[in-house]
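The exercises below can be worked with the sequence and the 3D structure at hand. Each task is followed by a solution in steps.

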Amino acid sequence: RHGAAKNEDTFKTSPFHFDLWFYFTLQNWVLDFGRPIAMIILPLEWFPLNKPSAGDYFHMAYNVITPFLLLKLIERSPKTLPRSMVYVSIIMFVMGASIHLVGDSVNHRLIFSGYQHHLSVRENPIIKNLKPETLIDSFELLYYYDEYLGHSMWYIPFFLILFIYFTGCFTPVEEDSRMPVPALLLMGPSSLYYWYLVTEGQIFILYIFTFFAMMALVMHQKRKGLVLDSNGLFLFYSFIITLVLIAVWVVWLWNDKILRKKYPGVIYIPEPWAFYTLHMNNLHAARESL
């Protein structure tokens, strides 16, 4: 019976999950990308610097809604997936996103005090003059929790769940390997968000390994006569467009000496918010002085 169940899993097909992908894309844009924008745009009097900002409440909602949508996505997979791995990944995701909530909340509020994201912690004027100097170590610890530990515990389970879901998106029916019009309409916003996720989160290595794993799986399943269904195609093509957007972003900022100094490694992928504090803030200040 167990073997028969596995065979049934292999030949099940699933329609395009427009509702889930739409909600997923919408909440990513509003609750993740939109949270620092809401914090900057809304009047400071509404959310004092010693209280949670509007962006923090966005982040709290994201930490609840995203795991729910990921679980619903896994439930709709035509293939029986390893539940224990999914649940552990969801738990790690919530822990990492919550750690990031605290660190990101403080780091973004430092902008109002003159903190510049295109500089390292110790190079920031408002940080390097702190006394005693051990306070600088505390801010570096905060940065570590925000940018390294929080991101790792957040994004590794996130991409792992997407890949686990992707493994069930294969069908032997060629007619099922087509994307409906709604999928094509969602692909642009979805890819653009993944570009933001990879560049701002500095997780290109994790993203590219996930993408290579997807490619390897597609080629492996093709030898068995299986092709991607509409959901698998949507996810796979979104990752391809994301790679193109990252390449364009890197080429555009290739000769930026200041950003080059902050990102000196072999993989040079500047963060959008570092670009904003370096160039857009200066542009706004120049306009206000006119």
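## Exercise 1: Ala54

Ala54 has a relative accessibility of 6% and therefore counts as buried. The model used throughout is a predicted one.

Task: State where Ala54 lies and which residues Ala54 touches, leaving out residues up to four places away in sequence.

Solution. Step one: find the element; Ala54 lies in helix α3. Step two: list the contacts; with residues up to four places away in sequence not counted, Ala54 touches Ala38, Leu42 and Phe47. Step three: take a distance; the C-alpha atoms of Ala54 and Val121 are separated by 24 Å, and the two residues are 67 residues apart along the chain.

## Exercise 2: the cores

Task: Find which residues touch the most other members of the largest nonpolar core.

Solution. Step one: the largest nonpolar core has 63 residues, and Trp21, Phe158, Tyr194, Leu235 and Phe239 touch the most other members. Step two: elements giving two or more residues to this core include α2 (18-41), α6 (134-166) and α9 (230-252). Step three: take Leu235, which touches Trp21, Leu162, Tyr165, Phe166, Tyr194 and Met214, residues up to four places away in sequence not being counted.

## Exercise 3: α4 and α6

Task: Describe how the axes of α4 and α6 cross.

Solution. Step one: the axes come within 7 Å and cross at roughly 150 degrees. Step two: angles over 145 degrees count as roughly antiparallel, so α4 and α6 are roughly antiparallel to each other. Step three: the crossing of α4 and α6 is left-handed. Step four: sorted by class, the contact of α4 with α6 has 20 nonpolar, seven polar and two charged residues.

How values were computed. Residues are numbered from 1 along each chain as its sequence is written. This is a predicted model: local features need pLDDT of at least 70, side-chain atom pairs count only at pLDDT 80 or more; totals for chains, interfaces and linings use all residues. Side-chain values use heavy atoms; hydrogens and water are left out. A nonpolar core is a set of buried Ala, Val, Leu, Ile, Met, Phe, Trp, Tyr and Cys residues joined through side-chain atoms within 4.5 Å. Buried means under 20% relative accessible area, exposed over 50%, partly exposed in between (1.4 Å probe, protein chains only). Contact means heavy atoms within 4.5 Å. Axes are lines fitted to C-alpha atoms, for helices over the stretch in contact, and angles run from 0 to 180 degrees between N-to-C directions. Angles under 35 degrees count as roughly parallel, over 145 as roughly antiparallel, 65 to 115 as roughly perpendicular and the rest as oblique. A crossing is left-handed if the near helix is turned anticlockwise from the far one by less than a right angle, and right-handed if clockwise. Ala, Val, Leu, Ile, Met, Phe, Trp, Tyr, Cys and Pro count as nonpolar, Asp, Glu, Lys and Arg as charged, and the others, Gly among them, as polar.
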